Amino acid sequence: MWAGPCRPGRTGRASGCHPQRAPGRESPVESRGRTERGAAPLAPAAAMKAVVQRVTRASVTVGEEQISAIGRGICVLLGISLEDTQKELEHMVRKILNLRVFEDESGKHWSKSVMDKQYEVLCVSQFTLQCVLKGNKPDFHLAMPTEQAEGFYNNFLEQLRKNYRPELIKDGKFGAYMQVHIQNDGPVTIELESPAPGAAISDPKQLSKLEKQQQRKEKTRAKGPSESSKERNAPRKEDRSASSGAEGDVSSEREP
C-alpha cells in the first residue's frame, strides 16, 4: 500500500495513455462531469476522503517491524486533496470521532461512537483515495503534494488527539511502504468525504439549524425596524404653518 512519496508515475499525454473506447461510451469521469449531451466534462471535485473500518484489531508493519497496532476500534485510511484546508480537517475529525458504528450495552446497533466506547483509532495516510481513472490507469493529481501533505496529516493527528484521548490514537509511518493488516468486524466500512465548497447541505441537523436561523431573520423583518432606526431614517417634515406664512408674505408683497 502506497502512503506517501512512493507514488507511481503520474499519467501524461503520451500516446497509449488513453485507450480507445467504443463509440458512444464515456469513462466514469466524463459521464459524471457532463450536465447535458455534448457539454464538456467538468473536472472532478477535490475533497478530503476517509475510509473508516470497524475492526477487532489492526496493525501497520514497515519492512519486518510492526510499528503500530490496536485492538477493538476503527482503522482510518485518509486521503488528503490539494484543496483541503483547516475547515475540511476539522470537519473530518468530528465525523470520525462521532461516527456511530458500535452497538450499545443493550445490543442496539449503530448507537455508539469510538469515543463513547473508549476504543482505539489507527490512522494511515493513503493518497490513493484521491485517484481519478484515465482509462484504466490511476491518476493522483488531486492529491496534496507530499511536502505539504505530511504537515497537514500531522495536524490531523494532533486534532484527533486533542479531541480524544491521545494514548488511543495510533498511526502508521507517513511516506513509507506499509503493510496494513485489518481485521474488519462485520464487515463494516464507511466512506466519508468533506463537503465541497458550495455543495448542497444534506446533514439533517445542519439543515434544521439553517432553517431556524432563516425563521429568526424572517421574524425580525416582520417586526420592522426598531424605533431608533425609524427616527433616523424618517424624512424631515416641513413646518407647514411657517411655510404657508412665508408664502403669504411674498404674495402680499406682490399685490398692488
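Reader: Of the 256 residues of the chain, what percentage count as buried?
Author: The model is a predicted one. Its chain holds seven helices and eight strands. The accessible surface comes to about 17,000 Å², with 49% of this belonging to carbon and sulfur atoms. Among the 256 residues, the share that counts as buried is 33%.

Reader: Which element gives the most residues to the largest nonpolar core?
Author: This core has 31 residues, and Ile74 and Phe156 touch the most other members. At least two residues each come from β1 (49-62), β3 (73-79), α2 (86-98), β4, α4 (146-163) and β8 (179-193). With six residues, the element that gives the most is α4.

Reader: Leaving aside neighbours within four places in sequence, which residues is Phe156 in contact with?
Author: Phe156 belongs to the largest nonpolar core and is, with Ile74, one of the residues that touch the most other members. Beyond four places in sequence, its contacts are Leu78, Leu89, Met92, Val93, Ile96 and Cys123.

Reader: How many residues are in the other core, which lies apart from the largest one?
Author: Val60, Ile70, Leu77 and Val180 are among the members of this other core. Its residue count is twelve.

Reader: Is Phe127 buried or exposed?
Author: Phe127 sits in the loop between β4 (120-125) and β5 (132-134). Its C-alpha atom is separated by 9.0 Å from that of Leu77, 50 residues apart along the chain. The relative accessible area of Phe127 is 5%, and buried means under 20%. Therefore Phe127 is buried.

Terms used
Residues are numbered from 1 along each chain as its sequence is written. This is a predicted model: local features need pLDDT of at least 70, side-chain atom pairs count only at pLDDT 80 or more; totals for chains, interfaces and linings use all residues. Side-chain values use heavy atoms; hydrogens and water are left out. Helices (H or I, at least four residues) and strands (E, at least two) are DSSP runs, numbered from the N terminus. Buried means under 20% relative accessible area, exposed over 50%, partly exposed in between (1.4 Å probe, protein chains only). Accessible areas come from the Shrake-Rupley method with a 1.4 Å probe; for residues, only the protein chains shown count as cover. A nonpolar core is a set of buried Ala, Val, Leu, Ile, Met, Phe, Trp, Tyr and Cys residues joined through side-chain atoms within 4.5 Å. Contact means heavy atoms within 4.5 Å.
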